[in-house]
Amino acid sequence: MKDTFYITTTLPYVNADPHIGFALELVQTDIIARAQRLSGKDVFFNTGTDEHGQKIYQKAQEERKDPQAYVDEFAARFGLLKEALNVSYDSFSRTTDPAHIASAQEFWRKCDAAGDIYKKNYKVKYCVGCELEKTDSELEDDRCPLHPDKELEIREEENYFFRFSKYQDKLLALYKENLDFVVPDMRLREITKFVERGLQDFSISRLKAKMPWGVPVPGDPDHIMYVWFDALVNYISAIGWPSDMEKFEKWWPVVQVAGKDNLRQQAAMWQAMLMSAGLLLSRQIIIHGFITSGGKKMSKSAGNVINPFDLVEEYGTDALRYFLAREVNPFEDSDVTMERFKEAYNANLANGLGNLVSRIMKMVTSYDVRPELPSEEDVLADDQTGVKDILNELSNFSFQKAADGIWAEIGNMDFFIQSTQPFKLIKTDEKKAKEYVEVLVIKLWYVAIMLTPLLPTTAEKIKSAIKNHEMPEPLFMRK
């Protein structure tokens, strides 16, 4: 197997400011990427912005802005998440990039050559919120359950269609033969049932006269590509397809991280499109839940939107990363409130990890304890240290389980300090007290390495303090 690993987030629409839901996806993906790098893999991590489609065009019109100028502004705001969340992506892709547009057009030609694109008149119910057509069975009270505040549009026009129905059997075989293709299991069962009910060919173009903001359809200037068809191609355009096939073949296939509202597009539509174009399918699809607040879906009208930049400004980057990794369920919906965030911060970071590091390093510097530390390479190569177990959990998307394991070790170290009391023993048995502190600082060294994918800045601060034999600044001030 190739010693490479390619992972991508979805590309968020730039019709609103970044919210904590996408911060969750970005941090989860970053943790996996960092864990894979620590495990020795050569990693390519892609994210970016989806900048076409009706929602964006409408927003630009509302604000009386040129669509390109509008998406430039929002792409810059999403770009700020790199520093705010300390994410280690290798590529920030924009679907308005010329290279992506060329890739999307070549992908269209491949599907067309396979006989999977045709033109027809149609009438359909359409949810602008999802940018998807909806069948009656998917609606509740004739509304999209994901966007109940938006009126469905009835669309009737001539469009190009993709022969989705042609790939029903192949998709079902894919799910049956690869039981971990979609994670968690409940999402695999969900997409299997969706495909079993029968697939309808879906529209992949819009009339330019009605909605001009998108990638032009090759050979037909009257149509632009449907936003999902264009955006999904980013997963291959980001790694050079089709202009740099050596780069593409180095990295493909991909692990895709997405929210549950993206299941159909990621695990069925995109896979059928890849089949049509004659390309290898994705490696795996990881589906996370939503973040709610106060038991409600976040919305400006409800006044419960949580801005990730505000949390970082008040608590710091690693505090938000910790919360998203350990306090949010990786697969189910999770409720987040400012009160819950503050409680977790104080209990597990300020009073937990931060206090432990301060106590140990005070004894290390006061008693001049300088143990010989194993190299990070040796720690990572040793199956007995527990570090590999943590990295495996993180690589397998078990963020909570990995974090729980690290904090269990933090609790064990606190118990060791309380039971041995080296700060008292130093007065009567200096040698023994220093031996206990040596044990503690080596354990702390291991914890710092384990923390690297989750809390990279904090991990580096701890390692630096140990190597330089100095008291660090308080890691997390109590709020």
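A residue counts as buried when its relative accessible area is under 20%, as exposed when that area is over 50%, and as partly exposed in between (1.4 Å probe, protein chains only). Take Ile449: with a relative accessibility of 0%, Ile449 is buried. You'll find Ile449 in helix H19 (residues 430-451); helices (H or I, at least four residues) and strands (E, at least two) are DSSP runs, numbered from the N terminus. Leaving out residues up to four places away in sequence, Ile449 touches Leu38, Glu376, Val379, Leu380, Val387 and Lys463, where contact means heavy atoms within 4.5 Å. Ile449 and Glu460 sit 11 residues apart in sequence and 8.6 Å apart in space, C-alpha to C-alpha.

Before we go on, a word about what you're looking at. This is a predicted model, in which local features need pLDDT of at least 70 and side-chain atom pairs count only at pLDDT 80 or more, while totals for chains, interfaces and linings use all residues. Residues are numbered from 1 along each chain as its sequence is written, and side-chain values use heavy atoms, with hydrogens and water left out.

Now for the sheet. Strands of a sheet pair through backbone hydrogen bonds, either parallel or antiparallel. Here, an open sheet of 6 strands runs in the order E3-E2-E1-E12-E13-E7, with parallel pairing; two strands pair if DSSP finds at least two bridges between them. Strand E3 (91-94) and strand E7 (182-183) are at the edges with a single partner strand each, so one side of each has no neighbour in the sheet.

Let's step inside, to strand E1 (residues 4-8). This strand is mostly covered, as 5 of its 5 residues are buried. In a regular strand the side chains alternate between the two faces of the sheet. In E1, Thr4, Tyr6 and Thr8 point one way, while Phe5 and Ile7 point the other way. On one side, E1 pairs with strand E2 (residues 42-49) in the parallel sense over 5 bridges, and Thr8 stands opposite Asn46 in E2. To get from E1 to E2, the chain goes through helix H1 (residues 20-38), and this β-α-β crossover is right-handed: with the strands pointing away from the viewer, the path from the first strand over the helix to the second runs clockwise. E1 also pairs with E12, in the parallel sense over 2 bridges, and there the bridge partner of Thr8 is Gln256.

Moving along the sheet, strand E12 (residues 255-259) and strand E13 (residues 284-288) pair in the parallel sense over 5 bridges.

Two packed helices are described by the angle between their axes and the distance between the axes. The axes of helix H5 (residues 98-113) and H11 come within 8 Å and cross at roughly 70°; axes are lines fitted to C-alpha atoms, for helices over the stretch in contact, and angles run from 0 to 180 degrees between N-to-C directions. H5 and H11 are therefore roughly perpendicular (under 35 degrees would be roughly parallel, over 145 roughly antiparallel, 65 to 115 is roughly perpendicular and the rest is oblique). At the contact, Phe107, Lys110 and Cys111 in H5 meet Trp270, Met273, Leu274, Ser276 and Ala277 in H11.

Antiparallel pairing turns up elsewhere. Strand E4 (residues 117-127) and strand E6 (residues 153-162) pair in the antiparallel sense over 10 bridges, with Ile154 in E6 as the bridge partner of Lys125. E4 also pairs with strand E5 (residues 132-134), antiparallel over 3 bridges. E4 and E5 form a hairpin with 4 residues between them, and Glu131 in the turn has a positive phi of about 55°.

Some backbone details are worth a look as well. The peptide bond from Trp241 to Pro242 is cis, with omega near -5°, and the one from Trp252 to Pro253 is cis, with omega near 10°. Phe397, a residue other than glycine, has a positive phi near 75°; Phe397 is buried, with a relative accessible area of 5%.

Last stop: helix H13. Because 11 of its 11 residues are buried, H13 is largely enclosed by the rest of the structure. Glu332, in the loop between helix H13 (317-327) and strand E16 (334-335), is partly exposed at 41% relative accessible area.
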